[in-house]
Amino acid sequence: MAVRWGLRGKSALALLTACLVALIPALLIGWLAIDAVRQQFSQAYAENFTLLQMQRILAPISRELALAERFAQSPVTRDWLADEQDPAKRQRFFDEAESYRQGFVDHTYFAVVDASGDYYFSSDDEPTDRQPRYRLSADDPDDNWYSHLIASGQSYTLNVNIDRELQEAKVWINVVIRGDGRPLGIAGTGLDLSRFLDAFIRTRAHGITPMIVNRQGALLAYPDASRIAFNAQADNGDLARGQQLAALLGGEDERAGLREVIQRAVADPDDVYMLTAHLDGHPRLLSVGYIPQLDWLMVTELDRQSAQLIATHWLWPLSLGAIALMVLLLTGFIYTSERLILAPLRRLKQSAQAIADGRYDSRLPVQRSDEIGELSRAFADMAAQVERHTQQLEATVRQRTAALEATNQEMGQAHRQIESSLAYASLIQRAILPGENLDARLGNRYGVMWQPRDQVGGDIFIFHATPDGYLLGVIDCAGHGVPGALMTMLVKASIDHAVLRLGGADPAAILDDVDARCRELLQREALTANLATDIDMGLVWIDERQHRMRFAGAKMALHVADGERLECHPGGRRALMQKRRMRYANLELPLQPGASYTLCSDGFLDQAGGERGFGFGRQRFAEMLTRHATLTPTDQVAAFAQELAAYSGTHPQRDDITLLVFQPDPGSRPT
């Protein structure tokens, strides 16, 4: 035992001597490391402070820019800019613009109509009277900013205006609006940065002086207001010397370094650059970052002494105390680590590894009465419990697996029954569609896109033929799936009843009759269950003897296209079964040779797609009808389906889609 302890004592003495020898260079290295950390900390502190202030400036601007883009690219704004004098479009624009104005921070918006040059402006102090404030003129040099912005091809610009007299800074956000490859105008808002810059300069951290300069180094924001260049322009020759950052530096070399740092920051605005210089005779660290949206540079002046991590006057006592403590800890550690901890833990590890391998018969050493012994006994009890729980868990898993298999079988059977019922319902719904009758009467002069969102849907199309002509139409019932399909059965029966009573030559009378009958059948139940029962419908009667057609619609329009122009004949403003009733009227139209007539439910127009998931839209729909109007109806439907699929992409179908294209033959006679 004495020999064994002697060997351990020599090892401990050798370890202690090595630690003391290594302590001297460790102290020197530590001192150098502390100084390097202080330098690195000061640079990181200045850089982070600069980035934080840049983000504080950009945050409100980014929010205002996003809202201004939404305002400018709104369909209501675009429609009004394309047709400024349309009363309805004008009303919708000013109503929506007022809501956006309340959302802007300065409660300000403006708009310029490219076609007329009219400039509109509204704010809390100057609410809009819905009349232009003035009209831009190409001959007025003050209005050249508009033509330069349009010609630049940029989608938006941020113009910074610093007013010397008012001592305020304002950012104007100009968003360009284009349509069909031509400019429609611009719209945007203004953001006052004066209050922020004032708070920015006065909330100074210890040892930090923030400032804002332009590319030429003119001071735009500085604690000393007498040095701020409120009238800074591209040429700073007229500025006082004290209003330039370069005038505060110690020499020409430092000024050249400042110009180089500014150039690098402007070239790479994603990074922050450092410069060591003397400001007013004191060594300082400058951190420079560029804000391209405002063409400003954020400069942070840091006094390195303010970033000192630890004081040197108590570093030596701390080091000596650490050495003494290390010697005491090392002596005790050498004795206790091997005898009391390491050896017992090795035996405990061997036994625990056996249990981890699944050998529960391996027993841990539990004869000790200290903490290691208590740990061993607790581990042995845990191993026994793990063995019991493992056996119970395996039995439970077998039972649960059998129960899940039985449940899955029941769910599969129920799913198959539902699928079978839906397939049968789809077969019934398809059976009421007049495809064969349309083929017999129109041949290849019609095309249909009937695309329910689910297996069954709330859209159908109808056809009734008489010796004098024929009635066809598209019906869009509220809802889709099974509820919508049941509504189509009810509406189809009501139309058949109306045609039987009134004939097919008066579409408006049929709409009124169907509305009255559906209200009679559904009013009480719909009100009780709070159900949606709106029905959009478009009906067309083709009088082959008189070479004319008669159209009536309930929130559904008739589109007429001949390849060069498109006519849109809107129906009644209210759908059937709406709370407020209306009387529907017929529209008499001549049959145009070679023209295509289209009825479509709103599922086509509302289908989401594109990069932003917007609906297909009426403008894109009108362009599509005009572009393919010269094709046969069947080819038109195929082209429409292809364009809709390309626009939808990965977006799921939102609603049922029904589109009916037909080309009446004005020279035909019924046989």
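Q: Which residues does isoleucine 535 touch, leaving out those up to four places away in sequence?

A: Contact means heavy atoms within 4.5 Å. Not counting residues up to four places away in sequence, isoleucine 535 touches Ile475, Asp476, Cys477, Met487, Val491, Cys518, Ala554, Ala575, Leu576 and Met577.

Q: What is a nonpolar core, and how many residues has the largest one?

A: In soluble globular proteins, nonpolar side chains tend to be buried together. A nonpolar core is a set of buried Ala, Val, Leu, Ile, Met, Phe, Trp, Tyr and Cys residues joined through side-chain atoms within 4.5 Å. Buried means under 20% relative accessible area, exposed over 50%, and partly exposed in between (1.4 Å probe, protein chains only). The largest core here has 49 residues, and Ile535, Met537 and Phe662 have the most contacts inside it.

Q: On what kind of model do these values rest?

A: This is a predicted model, in which local features need pLDDT of at least 70 and side-chain atom pairs count only at pLDDT 80 or more, while totals for chains, interfaces and linings use all residues. Residues are numbered from 1 along each chain as its sequence is written, and side-chain values use heavy atoms, with hydrogens and water left out.

Q: How many helices and strands are there in the protein?

A: Helices (H or I, at least four residues) and strands (E, at least two) are DSSP runs, numbered from the N terminus. The protein has 14 helices and 23 strands. Of its 671 residues, 41% are buried. Among contacts with a separation of 6 or more, 61% are between residues 24 or more positions apart.

Q: What span should helix α6 have?

A: The expected span of a helix is 1.5 Å times one less than its number of residues. Helix α6 covers residues 252-267, and its 16 residues should span 22 Å; the end C-alpha atoms are 23 Å apart, which agrees.

Q: Which residues of α6 are buried?

A: An α-helix has 3.6 residues a turn, so residues three or four places apart point the same way. In α6, the buried residues are Glu254, Arg255, Gly257, Leu258, Val261, Ile262 and Ala265. Seen down the axis, these buried residues of α6 fall within an arc of 155°, so they line one face of the helix. The arc is that of the directions from the helix axis to the C-beta atoms. The buried residues of α6 pack against β9 (272-279), β10 (282-291) and β11 (296-302). Asp253, Gln263 and Ala267 are exposed on the face of α6 turned away from its buried side.

Q: Which residues of α14 are buried, and which are exposed on the other side?

A: Helix α14 (residues 633-648) has 16 residues and should span 22 Å; its end C-alpha atoms are 22 Å apart, which agrees. Pro633, Gln636, Val637, Ala639, Phe640, Leu644, Tyr647 and Ser648 are buried in α14. They cover an arc of only 165° around the axis, which puts them on the same side of α14. Gln642 and Ala646 are exposed on the other side. Alanine 638, also in α14, is partly exposed, with a relative accessible area of 47%. After α14 comes glycine 649, whose phi is positive, near 60°.

Q: With which side chains does aspartate 459 make polar contacts?

A: A polar contact is a pair of N or O atoms within 3.5 Å; within protein, one must be able to donate a hydrogen and the other to accept it, and residues adjacent in sequence count only if both atoms are side-chain atoms. Aspartate 459 lies in strand β13 and counts as buried at 2% relative accessibility. The side chain of aspartate 459 makes a polar contact of 2.8 Å with that of serine 601, and another of 3.4 Å with that of threonine 658.

Q: Is histidine 464 buried or exposed?

A: Histidine 464, found in strand β13 (residues 459-466), is buried, with a relative accessible area of 19%. The side chain of histidine 464 makes a polar contact of 2.9 Å with the side chain of aspartate 496.

Q: How many disulfides does a search of the whole structure find?

A: A disulfide is a covalent bond between the sulfur atoms of two cysteines. The criterion is a pair of cysteine sulfur atoms within 2.5 Å. The search finds 0 disulfides. For cysteine 518, the nearest cysteine sulfur is that of cysteine 477, 7.9 Å away.
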